[in-house]
Amino acid sequence: MVTGTDTAKPPIDLTIDIDPNPVPAGRPARLRARLRGDAPTDLRGLSVDVRDTHGQRVAGMTFDYFDGKECRSDHAAVVAPTALGAHAWTAVVPAQERRGVQYPERRFPVTMTVVANPIQVSAWDLPSAAVAGEVATVHVGAKGGHDDALAGRPFEVLDEHGERVAEGHLGSEPWRGTRALYAASVGIPTPAEPGLRRWRVVVPGFEAPAPHDAGEARLSFHTVAAPDGMVTVRVVDHETRRPLPAAQVVLHPFRGTTDVDGIARVRAGRGEYTLFVSTPHHKIYHINLNINNNTSINTKLITKTKPNINNLYT
């Protein structure tokens, strides 16, 4: 919001609301003008122009509402400059006469603050437990302030010490089902020692076509010794005995998902585990297991009880 007061007679106050403010570089913003005088005056029909630092008209608004105290204009759309910082624009109210009162041309300063666009970064499909000393695959995606701004942009994966362990480039086309998310897969070599890793995926900032600040996403995962066993879990509905696809199977920190036949195969090392099996529509199943080598287990999930709406009012 930018407010200015003109001392010419009769004095008026002009406020230009800018949404958002600050504005990301090269992105659209909405302007709205509010006008108030010493004495409430209906100035509907009056127009106001907004001019940039070069004197070029970038927006025009007309006052179309009067609430008895101030006049308000319609909204006008503008595009922010790509140069960062404060931009000194000018709002011009032309000379006019209202009810025998002559209003001279007025000029008011308008400041638009432009900031860099943020980069939103995400990472997915990295296993929660990656085998130490092997290469794990992760998908990296990023979205910027402009639809195609991140096409082909570089990214890097950094470890806890800020050392680069992998790098790549985002795709040239939006990720399937999205309009402006650009993504790629990358293989990351995992450390040889088991443990919890907290890494980062970083997309560096850039200046053209519009400035963007660097963005990053966290990568947290465990590196574990190579599992020497396979746990096969068959999941069916308790009542229908039908296989349940897409059920989540967890032997922390190992996990898997059942296929169309309701079967998940999860690699796990020797030891004691608690097996959890779940779907959105069934109660969570759990059982303690002692895994020595390859193990198979059949599970039957019970459907969650649906509330009886008739009982809610009794």
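Which residues does Met112 touch, not counting residues up to four places away in sequence? In this predicted model, where local features need pLDDT of at least 70, side-chain atom pairs count only at pLDDT 80 or more, and totals for chains, interfaces and linings use all residues, Met112 touches Ile18, Val23, Ala29, Leu31, Val78, Ala80, Pro81, Gly85, Ala86, His87 and Trp89, contact being defined as heavy atoms within 4.5 Å. Residues are numbered from 1 along each chain as its sequence is written, and side-chain values use heavy atoms, with hydrogens and water left out.

Met112 is, with Leu14, Ile16 and Leu31, among the residues with the most contacts inside the largest nonpolar core, which has 30 residues; such a core is a set of buried Ala, Val, Leu, Ile, Met, Phe, Trp, Tyr and Cys residues joined through side-chain atoms within 4.5 Å, where buried means under 20% relative accessible area, exposed over 50% and partly exposed in between (1.4 Å probe, protein chains only). At least two residues of this core come from each of β2 (12-19), β4 (28-37), β5 (47-51), β6 (57-66), β7 (71-79), β8 (85-93) and β11 (106-115), strands being DSSP runs (E, at least two residues) numbered from the N terminus. Another core, of 25 residues, lies apart from it and includes Ile119, Val121, Ala184 and Trp199.

In the loop between β6 and β7 lies Glu70, which is buried, with a relative accessible area of 7%. Leaving aside neighbours within four places in sequence, Glu70 is in contact with Arg34, Leu35, Arg36 and Tyr65.

Notes:
Helix = DSSP H or I, 4+ residues; strand = E, 2+ residues; numbered from the N terminus.
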